[in-house]
Amino acid sequence: MRAARSHNLALAHAVLIYRDALIYSVLLTPVFVYLYNAVAGIGPQDIDLTDPSGNVIDQVFILTIFANSVLLAFLLRVPLQLFLLAILPFVFIMAWMVASIGWSEFPSLTLRRASRELIEITSIVLLALSLQSREAILSLLFRAFFVINLFNVASLAISSSFTPIGFAGIYLSKNTAGLAFACALPIFIVGIVDRTVSASRLAAVFAFVTSSAM
Amino acid sequence: MILTTSKTAIGFTVISLLMLLCTRIVVSRNVYGRVLAPLMLLFAALVSVVTILSLDVSEVLTAIFGDATFTGRDEVWRYALYKASGNPFQGVGYGALWQVGGEVKTSLKNAEVRWIANQAHNGYIDIYAQLGYVGFVLLFVFLIHIFVRLLKYSSTQESGTIFGLASYTFYIFWGAIIYNITESSFFQGGEQMWILLIFVCACVARLLYNDLVVRRAGVEFGRLRRSWLRKAALSPD
């Protein structure tokens with residue numbers, strides 16, 4: 001009886017680790033992209049803004065996250081009613097998006113991009129529904145932003161992170177970097193105020209100061 | 001954020017914080033929220049309208065942003081609107097405007113756009129150009145739906161909390177609305193702003209559902225308790 005209970009507890013713990021790993025994989029995408037670009041030697045000048053072909057690595061990543069988020073929802077028994085409730089705001093415009101394949105100037109591109117959007121939204125919604133409390137949500141966001149911020153701090157030492165028009169950090173443009181800091185700042189403030197969100201107040205203060213300055 | 005010198009990000013932060021403050025005051029159930037805040041918002045809106053009408057629009061934009069063309073974005077906006085004008089009701093089709101091949105270069109050059117863009121740098125124009133009037137209306141339906149959900153969550157579960165998930169989701173919501181004036185993120189795959197908006201809104205849906213389940217369980221428990229008490233009162237012992 002006791003062995004069965006400890007086995008169940010270990011299983012539940014493993015599912016939660018699996019859930020966190022999946023959510024971090026999505027939230028830390030900018031870091032993965034940065035590391036991939038650094039290894040492959042890709043810079044802003046190498047990106048062709050007219051190229052319609054998709055990125056295979058990106059497609060594999062999205063499909064992997066989708067398959068895993070469906071599995072996670074199954075393991076955590078996310079109610080179908082809840083999923084429908086959460087996805088409802090997206091449904092009408094998504095349906096119109098898919099319908100636009102019919103009159104699109106580039107139907108194959110519309111089909112590919114609408115499918116990608118559908119898969120991405122479903123995956124993120126399923127991952128978000130696996131979280132049960134506001135503390136868990138905020139602390140996950142805090143840790144993800146904290147890691148991204150650390151990479152941005154480290155990128156200060158690299159000259160390529162400075163573009164002629166401003167600091168881009170681990171991103172390809174300064175506006176994307178600015179946006180990342182803007183989204184992270186309130187979470188760092190919550191981390192300073194609320195000890196359930198950040199284990200270390202000092203770390204939260206450090207993250208707030210550096211992201212404001214960068 | 002200072003080193004990036006990104007006006008979009010600075011505008012995002014300042015305006016979103018102000019809008020967050022206004023929203024929280026308006027939804028709070030006291031005299032400030034019910035009377036003073038709406039009156040102040042109405043006054044601010046009137047002042048803004050009068051200022052814009054009495055001055056030249058480009059003059060106002062230059063005074064606020066230092067550049068009325070938003071760093072040449074007006075050319076891209078014109079191009080996207082021109083493309084949409086061919087089929088204003090339905091648009092050109094989702095994902096069929098940018099990054100569609102080498103011909104977009106010629107098309108942009110013909111429209112006198114001096115740079116190659118992979119988005120309209122305005123989320124609303126992007127949705128209108130790709131999905132037409134119908135898509136544009138559906139975008140607003142989506143935004144209103146999300147806003148109502150956030151209001152419900154904020155007023156039922158975090159009405160007394162300043163630094164919580166409700167404030168953050170409102171901040172991201174208003175941020176997305178502001179951000180999409182100079183950049184595009186609505187229904188753009190892989191955009192971090194968009195991913196974050198979906199994520200926090202779905203999280204709010206989860207917490208609202210949890211609350212609903214608890215309330216339903218409470219109602220069910222109350223019903224069972226009442227029926228048990230009734231039975232106990234009727235029993236001869």
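Here is a short briefing on how chains A and B meet, and on how the two domains of chain A meet. The model is predicted: local features need pLDDT of at least 70, side-chain atom pairs count only at pLDDT 80 or more, and totals for chains, interfaces and linings use all residues. Residues are numbered from 1 along each chain as its sequence is written, chains are lettered from A in the order in which they are written, and side-chain values use heavy atoms, with hydrogens and water left out.

**Chain A with chain B**
- In contact (heavy atoms within 4.5 Å) are 73 residues of chain A and 73 residues of chain B.
- About 6,100 Å² is buried between the two chains, 69% of it from carbon and sulfur atoms; buried area is the accessible area (1.4 Å probe) lost on being put together, summed over both parts.
- There is one salt bridge between the chains (a Lys or Arg side-chain nitrogen within 4 Å of an Asp or Glu carboxyl oxygen).
- That salt bridge joins Glu105(A) and Lys83(B), at 3.9 Å, N to O.
- Helix 7 (174-193) of chain A is among the elements supplying at least two residues to the side that touches chain B, and its 16 residues are the largest share.

**Domains of chain A**
- The assignment, automatic or from a database, gives domain 1 (1-130) and domain 2 (134-214).
- Their centres, taken over C-alpha atoms, are 23 Å apart.
- Tyr24(A), Val31(A) and Tyr34(A) supply 43% of the area that domain 1 buries against domain 2.
- Zero salt bridges are counted between the domains.

Conventions: Helices (H or I, at least four residues) and strands (E, at least two) are DSSP runs, numbered from the N terminus.
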